[in-house]
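Reader: I am new to this structure and would like to understand the terms used to describe it. Could you take me through them with care?

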Amino acid sequence: MHEISRTKSTGRGYMWFGILVTILGVVTYAMLLMGAQLLHTPWYAPILAIIGVGLTFIAVRRKPGVWRYTALLFCCLLVVAELMFLFSFTKLPKYAGPAVAGQQFPEFTTKLADNMAFSNNDFVGQKSTALIFYRGHW
Amino acid sequence: MIELVKLEEQHKEFDARNTRIIAVSLDGLEDSSKTQAKFPHLVIASDSDQKLAKAADVLGPHRAPDGKETTAPTTVLIDNKGVVRWVFRPDAFITRLSAVDLLAKVDEYLNKD
């Protein structure tokens, strides 16, 4: 008879994998923003962070310890921060006009970068216009 | 301003559709002229007096880094008679319409014929 020794994993791998998955969402967003210059809503970040919370929770259950509780707390805080960022901080109000499809663009007069006057009358001419409001040089 | 990079890259596609890009911010003339130099195929407007932003009602407390109000990212397609054909406002201020998506909307709303 051979004695089979079975040692249960302490769950350290869960902890590190959980931290990695949690951070992955933020890193992916930063890479897409800086590398591909893609401005998008990183809906995947809180999903990954929630998976990370689950994994670090398993690690805590396997073998409780200060570092594991710290990792769990970190992942939980990141989930909360990401959810607040997506569903509160970055939310924009819906646009309700006065620029409405089928109607003339409202009257205005402002300036172009070369200090020339620019008004709604300049929309009338040879070309169509894609008017893009952006958030400035910063 | 990051969205202007892709729009500049696609300027030939917009030209082919007889459409110009006019990018508006609340920047003063100095910053706007620097932006114009970076993106020579776009038309940059300096709406520091907020007249255009107020006319289109795109101003709001949208968390400019200096804490002041700024324009919400908004795209308006206008035909060559000055009539608005399509308006896009994202759900979040971190989201923008991509240049490729904008080209598709130009085809859909401005070049239907």
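This is a predicted model: local features need pLDDT of at least 70, side-chain atom pairs count only at pLDDT 80 or more; totals for chains, interfaces and linings use all residues.

Reader: What makes the radius of gyration of chain B agree with that of a compact globule?

Author: For 113 residues, a compact globule would have a radius of gyration near 13 Å, and the value for chain B is 14 Å, which agrees. Along the principal axes, the C-alpha atoms of chain B fill a box of roughly 45 × 30 × 25 Å.

Reader: Turning to chain A, why is α1(A) called roughly antiparallel to α2(A)?

Author: Helix α1 (residues 12-34) of chain A packs with helix α2 (residues 44-62) of chain A at an angle of about 165°, and their axes are 7 Å apart. Angles over 145 degrees count as roughly antiparallel, and the angle found here makes α1(A) roughly antiparallel to α2(A). The residues of this contact divide into 16 nonpolar, six polar and two charged, and the crossing in which α1(A) passes α2(A) is left-handed.

Reader: How many residues does each chain give to the contact between chain A and chain B?

Author: The contact takes 47 residues from chain A and 67 residues from chain B, where residues count as touching if their C-beta atoms lie within 7 Å. On the side of chain A, the elements that give two or more residues are β1 (109-112) and β3 (128-133), and β3(A) gives the most, with six residues. By class, that side of chain A has 22 nonpolar, 18 polar and seven charged residues.

Reader: How do you know that β1(A) and β2(B) pair?

Author: Pairing needs at least two bridges between the strands, and β1(A) and strand β2 (residues 43-46) of chain B are joined in the antiparallel sense over two bridges. In this pairing, A:Leu112 stands opposite B:Ala45 in β2(B).

Reader: Which other strands pair by the same rule, and over how many bridges?

Author: Among them are β3(A) and strand β1 (residues 19-25) of chain B, which run parallel and are joined by six bridges, with A:Phe133 opposite B:Val24 in β1(B). Within chain B, β1(B) and β2(B) pair in the parallel sense over four bridges, and there B:Val24 stands opposite B:Ala45 in β2(B).

Reader: What is the order of the strands in the open sheet, and what makes a strand stand at the edge?

Author: The open sheet has seven strands in the order β2(A)-β1(A)-β2(B)-β1(B)-β3(A)-β5(B)-β6(B), with mixed pairing. β2 (117-119) of chain A and β6 (84-88) of chain B stand at the edges because each has a single partner strand, so that one side of each is left without a neighbour in the sheet. On average, neighbouring strands of this sheet are turned by 30° against each other, direction ignored.

Reader: Which strands does helix α3 of chain B touch where it packs on the sheet?

Author: Helix α3 (residues 29-38) of chain B touches β1 of chain A together with β2 of chain B, and its direction makes about 175° with that of β2(B). Helix α5 (residues 99-109) of chain B also packs on the sheet, touching β3 of chain A together with β1, β5 (74-78) and β6 of chain B, and its direction makes about 30° with that of β5(B).

Note on methods
Residues are numbered from 1 along each chain as its sequence is written. Chains are lettered from A and ligands numbered from 1 in the order in which they are written. Axes are lines fitted to C-alpha atoms, for helices over the stretch in contact, and angles run from 0 to 180 degrees between N-to-C directions. Angles under 35 degrees count as roughly parallel, over 145 as roughly antiparallel, 65 to 115 as roughly perpendicular and the rest as oblique. A crossing is left-handed if the near helix is turned anticlockwise from the far one by less than a right angle, and right-handed if clockwise. Ala, Val, Leu, Ile, Met, Phe, Trp, Tyr, Cys and Pro count as nonpolar, Asp, Glu, Lys and Arg as charged, and the others, Gly among them, as polar. Two residues are in contact if their C-beta atoms, placed from the backbone, lie within 7 Å. The radius of gyration is taken over C-alpha atoms; the globule rule is 2.2 Å times the number of residues to the power 0.38.
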